[in-house]
Amino acid sequence: MEKWPIGVFASIDAGLGVKLEVAKELGIPTIQLHAPAKETRTPENAEAFLNKLSDFGITLTAVFGGFEGESYADIPTVEKTVGLVPPETRAERTIEMKEISDFAKLLKCNVVALHLGFVPHDTQCDLYKEILAITQDVCDHCNANGQSLHLETGQETADGLLQFLKDVERDNLFVNFDPANMILYGTGEPIEALKKIGSYVKSIHCKDGTWADKPGEEWGCEVALGKGDVGMETYLRTLNELGYEGPLTIEREIPQDPQRQKEEIGGAVKLLSDLKGMIG
Ligand code: MG
């Protein structure tokens, strides 16, 4: 693959990403896929999707797990509902994450990713140890499928995440870096964070956002790429310095407004292509 192919976060069914047809119309050569609903994760559907990817000339670079009942309404709701951390749903979601890894294998994809949820800061508490154990379990399942597991950033500070990555002690565990999430969740300055965890960064999101008045308590605002506080040129220059050559995957999650979503993703493609020409 060429250095820094443009990508977009996409969905097969009613997920957060764009439809594959939109990626094709915009001439985007790679996607990350939001895992489709459980009942549609069949071998037949996997084969049909692979054929469609091949027809469209699109490469699948990661499959993102997501679960029913997750809500990104506000930060406390994320803490209660997202990922493998909430105890009520942990066992069933861990099983489902392994099924998503198996589905990704059917799609011949060797990267599986997810929002793990809010990992506690206290590394001595029981919850931290439980989250370590399930992450090891999921990593080992992915490893048996020949896959890496990428954790999406945002819910932890760079230092917290770095500690966690080390404590899991699995060499197929990496990071999907999302600079906007650091701003939206108020967990730290994104470029500084990227430099700290750079050696773990194996996939990225190109997303932008503006800081909240009270970072960490209320949401920042997700905005079109280049309109927020990330600083896309500095972001790409930093990735370049770190030796990152993987896809630049645009994430713009406004599925309720598909026309605007397509326009803004088109704008992001243009911005990233210009920066690639300058830096890459
Ligand atoms: Mg993201």
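Two strands are said to pair if DSSP finds at least two bridges between them. Helices (H or I, at least four residues) and strands (E, at least two) are DSSP runs, numbered from the N terminus. In this structure two bridges join β3 to β4, which run parallel.

The model is a predicted one, in which local features need pLDDT of at least 70 and side-chain atom pairs count only at pLDDT 80 or more, while totals for chains, interfaces and linings use all residues. Residues are numbered from 1 along each chain as its sequence is written, and side-chain values use heavy atoms, with hydrogens and water left out.

Strands of a sheet pair through backbone hydrogen bonds, either parallel or antiparallel. Here, eight strands form a closed barrel in the order β1-β2-β3-β4-β5-β6-β7-β10, with parallel pairing. From one strand to the next, the twist averages 30°; such angles run from 0 to 180 degrees between N-to-C directions, and axes are lines fitted to C-alpha atoms, for helices over the stretch in contact.

| Strands | Bridges | Residues opposite each other |
|---|---|---|
| β2 and β3 (residues 59-64) | five bridges | leucine 33 and valine 63 |
| β3 and β4 | two bridges | valine 63 and valine 112 |

Contact means heavy atoms within 4.5 Å. Buried means under 20% relative accessible area, exposed over 50%, and partly exposed in between (1.4 Å probe, protein chains only).

**Two buried threonines**

Threonine 30 belongs to strand β2 (residues 30-34). With a relative accessible area of 1%, threonine 30 is buried. A polar atom of its side chain lies 3.1 Å from the backbone oxygen of isoleucine 6. Not counting residues up to four places away in sequence, threonine 30 touches several residues, including Met1, Ile6, Ile58 and Pro247.

Threonine 249 lies in strand β10 (residues 248-250) and also counts as buried, at 1% relative accessibility. Leaving aside neighbours within four places in sequence, its contacts include Gly7, Gln32 and His205. Threonine 249 and alanine 268 are 19 residues apart in sequence, and their C-alpha atoms are 10.0 Å apart.

Glutamate 152 in strand β5 (residues 148-152) and histidine 205 in strand β7 (residues 201-206) are 53 residues apart, and the pair links distant parts of the chain. Both glutamate 152 and histidine 205 are buried.

**Helix α9**

In helix α9 (residues 232-241), the buried residues include Met232, Tyr235, Leu236, Thr238 and Leu239. They lie on the same side of α9, because they cover an arc of only 160° around the axis. The arc is that of the directions from the helix axis to the C-beta atoms. After α9 comes glycine 243, with a positive phi near 80°.

Methods:
A polar contact is a pair of N or O atoms within 3.5 Å; within protein, one must be able to donate a hydrogen and the other to accept it, and residues adjacent in sequence count only if both atoms are side-chain atoms.
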